[in-house]
Amino acid sequence: IVPRVTLAEDLTLLTQVASEGKSSSRIRQLRWVAGELEQAIVELDWPATTIQDLFEESCVHQYLAAAEQGLFRRRSPTRTTTSSDASIRVRRSSLAALVLASGGRPDVVTSSTIVITPRQGLSQRSVKLALERWRAQACAPDALSVTVRAAAIAYLVHELSVRTGELVAM
């Protein structure tokens, strides 16, 4: 007799598959989302019995809405009970990675109707000045390798919009 694998065990295995080749910070994020999905199964009383059920559009949208309202928050709420835009972005990208690892369509995550407010970034002038300063320092004849590396990281973070920790882990 083969013991029945639970949905929680399936999520753990899926998280391991999605974690292959990822940075330690991305792995923590994948585990965080998998943990929230486990909570959602119980707290939202989902009829899901397989990973495919879990990643149906209606379940994904219900999970995102509940998570973004802070329903699965483990720490005591600070000033707000809703998730920050950064948390929403990380949650969605991690969820899309889990969906993709399961063989599903990651567009089910991006089709959610929940609106993310645009990031309030630095002015283009400030960014241009900072990048120009990094370039000048890195191109100097006596530039240290650490300065060149830091300049390269700054440019890649700006141009590719990747997280610094993930870039450094490459």
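1. Ile27 is buried, with a relative accessible area of 18%; buried means under 20% relative accessible area, exposed over 50% and partly exposed in between, with a 1.4 Å probe and protein chains only. Ile27 sits in helix H2, where helices (H or I, at least four residues) and strands (E, at least two) are DSSP runs numbered from the N terminus. Leaving aside neighbours within four places in sequence, Ile27 is in contact with Ser19 and Lys22; contact means heavy atoms within 4.5 Å. Ile27 and Thr15 are 12 residues apart along the chain, and their C-alpha atoms are separated by 8.0 Å.

2. This is a predicted model, in which local features need pLDDT of at least 70 and side-chain atom pairs count only at pLDDT 80 or more, while totals for chains, interfaces and linings use all residues. Residues are numbered from 1 along each chain as its sequence is written, and side-chain values use heavy atoms, with hydrogens and water left out.

3. On confidence: pLDDT is the predictor's confidence in each residue, from 0 to 100. The chain has a mean pLDDT of 80, and 79% of its residues reach 70 or more. Over residues 115–119 the pLDDT is below 50, and this stretch has eight contacts in the model beyond near neighbours in sequence.

4. The chain has nine helices and zero strands. Of its 170 residues, 34% are buried. Among contacts between residues at least 6 apart in sequence, 60% join residues at least 24 apart.

5. Helix H2 covers residues 24–43 and helix H5 residues 85–101; their axes come within 9 Å and cross at roughly 85 degrees. Axes are lines fitted to C-alpha atoms, for helices over the stretch in contact, and angles run from 0 to 180 degrees between N-to-C directions. H2 is therefore roughly perpendicular to H5; angles under 35 degrees count as roughly parallel, over 145 as roughly antiparallel, 65 to 115 as roughly perpendicular and the rest as oblique. The contact residues divide into nine nonpolar, four polar and three charged. Here Ala, Val, Leu, Ile, Met, Phe, Trp, Tyr, Cys and Pro count as nonpolar, Asp, Glu, Lys and Arg as charged, and the others, Gly among them, as polar.

6. H5 also meets helix H1 (residues 7–19): the axes come within 9 Å and cross at roughly 100 degrees. H1 and H5 are therefore roughly perpendicular to each other. Leu14, Thr15, Val17 and Ala18 of H1 make this contact with Ala97, Leu98 and Ala101 of H5. Its residues divide into six nonpolar, one polar and no charged.

7. What does a search of the whole structure find in the way of aromatic pairs? It finds one: Tyr63 and Phe72, stacked, at 5.9 Å centre to centre with 20 degrees between the planes. Rings of Phe, Tyr and Trp (its six-membered ring) pair if their centres lie within 6.5 Å; planes under 30 degrees apart count as stacked, over 60 as edge-to-face and the rest as tilted. Tyr63 and Phe72 are buried.

8. Gln39 is found in helix H2 and is buried, with a relative accessible area of 18%. Not counting residues up to four places away in sequence, Gln39 touches Leu44, Phe72 and Arg74.

9. Asp107 lies in helix H6 (residues 107–110) and is partly exposed, with a relative accessible area of 39%. Asp107 and Glu57 are 50 residues apart in sequence and 9.5 Å apart in space, C-alpha to C-alpha.
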